Amino acid sequence: MNFDDTPEEAKFRQVARDWIKANAPHELYEDLANQGFGGAGGKQKSRTDGIATAKAWQKKKAEAGWACLNWPTEYGGRGATPIERVIWGQEEGVYGKLSGLFIIGHGMCGPTVMAYADEETKRRLLPPLASGENIWCQLFSEPAGGSDLAGLRTKAEKDGNDWVINGQKIWTSGAQHSDYGILITRTDPNVPKHKGMTMFWLDMKSPGVEVRPIKQANGQSEFNEVYFTDVRIHDSQRLGAVNDGWKVSLTTLMNERLTIGGSMSTGFSELFDFCSRIQTEDGLAIEDRAVRSKLADWAVKTSGLKYTGMRAISAVSKGENPGPENSIGKLVAGAMMQDIATYALDLQAQGGALNDPDLADFGARFQAMLLRSPATRIEGGSDEILRNIIAERVLGLPADIRVDKDVPFNKIPTSGRG
Amino acid sequence: MNFDFSDEQKSLKDELRRFLAKASPTTEVRKVLEGEALYNESVWKGLADLGVLGAGLPEEYGGAGGGYLELCIIAEELGRALAAVPFSSSILLAAEFILHAGSEEQKQKYLPKLASGELIGTFAYVEANGPVTPDRIAVTGGAALSGTKIPVPDGMIADIAIVAARDGAAGERGISLFIVDLNAKGVTRETVANIDPTRPQAKIVFSGAPAERLGAQGEGWGLINTVFDKAAVLTAFEQVGGADRALEMARDYALERMAFGRPIGSFQAIKHILADMYVSATLARSNAYYAAWALSTGSAELPEAAAAARVSATKAYQHCSKNNTQVHGGMGFTWAFDCHLFYKRANVMASGLGSLSQWEDKLIDRLRKSNKAA
């Protein structure tokens, strides 16, 4: 049992490390290291510069062969092994945060296009996606279909060689910055819901596409509504067969399992640091038994996640598929972050109400965490959906008995009030 | 990176699982539960024959010269099977104390017999209810011991005990360790009721019982802390094994039990309980692996890794065993179903090396010292 690289891994790590040392935007290190949990006190920085910086770093990486490492070289990747991709992620460290804009494109849209588009399309669309020249979004969730994605209602109707799209998507991350998107639609409402959907890719500048940012509960706008009014898409932009969109979407969602071994922020190190400095009635918070008991619980969850990631990396290193234990990451980290933020404010007593980085403890970071964390427990699979996934796919429990399975989509009740 | 057990270690695990499935089903464990025996002697002999008891001890003392990783695997399988044997008392504590602090002569005298199972050892240090502190150790030491230890795990079947006693000034520096022959004069013992009858405990009264010193005078408290860190890692595996088995039982029952015309495992209320059990068992296993790495490589991270493994495994076993009962509904509260065996074992193990809150306290102290919060 060890944490050591194999000789090949060590060699690859050294090459990656040397390149990052010579090329990374080191002037951004501090900012990136302290970034997270959304802007404090509702003071959101303009993202315009952020996008330029992110694109510049991505371009530089792509030119040197460090973009989308696991993709084939003809599509802008490196043809690297899974473990090499993991090692790159470890070495890129905080600079990886610059790639946030591209996560959905690289992690979900790209693999879907790769699996279903024709060769010419792949060679045209994928390299500029890899290099960050184009940003992509994923147009899946709808007002009527979040956890129940297959409840979506956005229509695509055939008209000659085109499809005409009408409807609305919601919770689309980065749509306001995106050049392209992958879009799942309803093409046959007369069959059961999983059997009447079709997937497309589209240019976000197509006439009839309107992006409206959503003002979130924490005052920021990371997500959007996207409206489609008579948007025309050529049939050649279809991904997979007509009415086979559910199967295509599963390809996308399989890739949603974020980077193996990547650690999500939990807020634990911030809280530990905070408790080591602030006073309660009886002295330093960290000297207090009650505080310690809370910290210990979060400490072992944090280390448990870290070493669960190490076990997954070991599996990848041996050429195996990582086990299902990876599915616990967001479930544990999301809830923990919310609990940690709540507790940090409790330790601040009345001062916890302040939400100005210049006035609140710790630059109002825990306040920002408190206000952002409800989203973490919902986005990319809610806590409840993740528990279902663990129960059904890992533990082998039967799927829920469904009342909408063999019913034509247009006969499924849409209101709980009859 | 290979943060995993080796193929040889995994085949040891398979072999042991097969052996225990045959030799130590819960029907066997229940003989101890019902008071027909103080431990499963045939299982203990079988483990000795397989070389399991001495697996981690050096060859010159009758062991197989394996290492701590082998002990981790053995502990996990024994925990899974709820084996009613004195492995933790005799091997993880008594043998470790002797290996760590004993003279060459003491090692030669005791370790081969502990490794063969011919001799059973235990560790006696608790005297009063509440957390053990140096000042709460009142048994007096020297060439002869006097005073009372309660509760002592496996105290009725042990041949020797490592005893923490006072033979000097107040405080930590007055605590020393002694080896006592429990079959000698000056020792009386009786079984005390404990919440897990599958692992009996005793009250032992020493009245001038002959004793030999183990380690230097005044170093007992330090030795206890050192050996407890190692034992915390190994028993964390025992806890993880129990937690996993409790999760499997609950899963199997949820698949089989019908209510409202469907398997109860198809209800989200049940699924989510099981998913949370899986999460806590997985986190505990990963923390235990980290501690196993630290223990087997002699890493300076051992103190924090051991405490993290202990806290995580204690919580996971308690969580999985109580929810195993919950998923079984009323049947889970019957004597006939095995749920209560795991629930009881989990809660006795939670205090065996000191309470959860004491280990939480240690963990935070150690994280502060290592200045590594995450």
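Analyst: The account below treats the pocket, then the backbone of chain B, then the cysteines, and ends with chain A for context. The model is a predicted one.

The second largest pocket has a volume of about 1200 Å³. Its lining consists of 50 residues, and those nearest the centre are Tyr125(B), Ser351(B), Gly352(B), Leu353(B) and Gly354(B). Several elements of chain B give two or more residues to this lining: α5 (87-101), β1 (121-124), β2 (144-153), α7 (220-256), α10 (339-352) and α11 (356-370). The most is given by α7(B), with seven residues. Sorted by class, the lining holds 23 nonpolar, 16 polar and 11 charged residues.

Most residues other than glycine have a negative phi, and most peptide bonds are trans. Strand β2 of chain B contains Pro151(B), and the peptide bond from Ile150(B) to Pro151(B) is cis, with omega near -5 degrees. The loop between β2 and β3 (160-166) of chain B holds Asp154(B). Although Asp154(B) is not a glycine, its phi is positive, at about 60 degrees. Asp154(B) counts as buried because its relative accessibility is 2%, under the limit of 20%.

A second residue of this kind is Leu82(B), placed in the loop between α4 (68-81) and α5 of chain B. Leu82(B) is not a glycine either, yet has a positive phi of about 55 degrees. With 1% relative accessibility, Leu82(B) is buried.

The cysteines come next. A disulfide is a covalent bond between the sulfur atoms of two cysteines. A search of the whole structure finds zero disulfides over all chains. Cys72(B) is buried, at 0% relative accessibility. In chain A, the sulfur of Cys137(A) is 6.7 Å from the closest cysteine sulfur, that of Cys109(A), and this is also too far for a bond. Cys137(A) is buried as well, at 0% relative accessibility.

Chain A supplies some context. The domain assignment divides chain A into domain 1 (7-134), domain 2 (137-254) and domain 3 (268-381). The C-alpha centres of domain 2 and domain 3 of chain A are 35 Å apart. In chain A, strands β2 (residues 155-159) and β3 (residues 162-173) pair in the antiparallel sense over five bridges. One bridge joins Ala156(A) to Ile165(A) in β3(A). The hairpin of β2(A) and β3(A) has two residues between the strands, and Gly160(A) takes a positive phi near 65 degrees there.

Helix α4 (residues 82-92) of chain A has as its buried residues Ile83(A), Val86(A), Ile87(A), Trp88(A), Glu91(A) and Glu92(A). An α-helix has 3.6 residues a turn, so residues three or four places apart point the same way. Just after α4(A), Gly93(A) takes a positive phi of about 55 degrees.

Finally, Lys195(A) lies in the loop between β4 (180-186) and β5 (197-203) of chain A. Lys195(A) counts as exposed because its relative accessibility is 54%, over the limit of 50%. Lys195(A) and Asn243(A) are 48 residues apart in sequence, while their C-alpha atoms are 5.8 Å apart in space.

Conventions
Residues are numbered from 1 along each chain as its sequence is written. Chains are lettered from A and ligands numbered from 1 in the order in which they are written. This is a predicted model: local features need pLDDT of at least 70, side-chain atom pairs count only at pLDDT 80 or more; totals for chains, interfaces and linings use all residues. Side-chain values use heavy atoms; hydrogens and water are left out. A disulfide is a pair of cysteine sulfur atoms within 2.5 Å. Buried means under 20% relative accessible area, exposed over 50%, partly exposed in between (1.4 Å probe, protein chains only). On a 1 Å grid over the protein atoms alone, a cavity is a set of points where a 1.4 Å probe fits but cannot get out, and a pocket is an open set with protein on both sides within 12 Å along at least five of seven lines; lining residues have an atom within 4 Å of a point. Grid points are joined across faces, edges and corners, and a volume is the space filled by probe spheres set on the points. Helices (H or I, at least four residues) and strands (E, at least two) are DSSP runs, numbered from the N terminus. Ala, Val, Leu, Ile, Met, Phe, Trp, Tyr, Cys and Pro count as nonpolar, Asp, Glu, Lys and Arg as charged, and the others, Gly among them, as polar. Two strands pair if DSSP finds at least two bridges between them. Domain bounds come from an automatic or database domain assignment.
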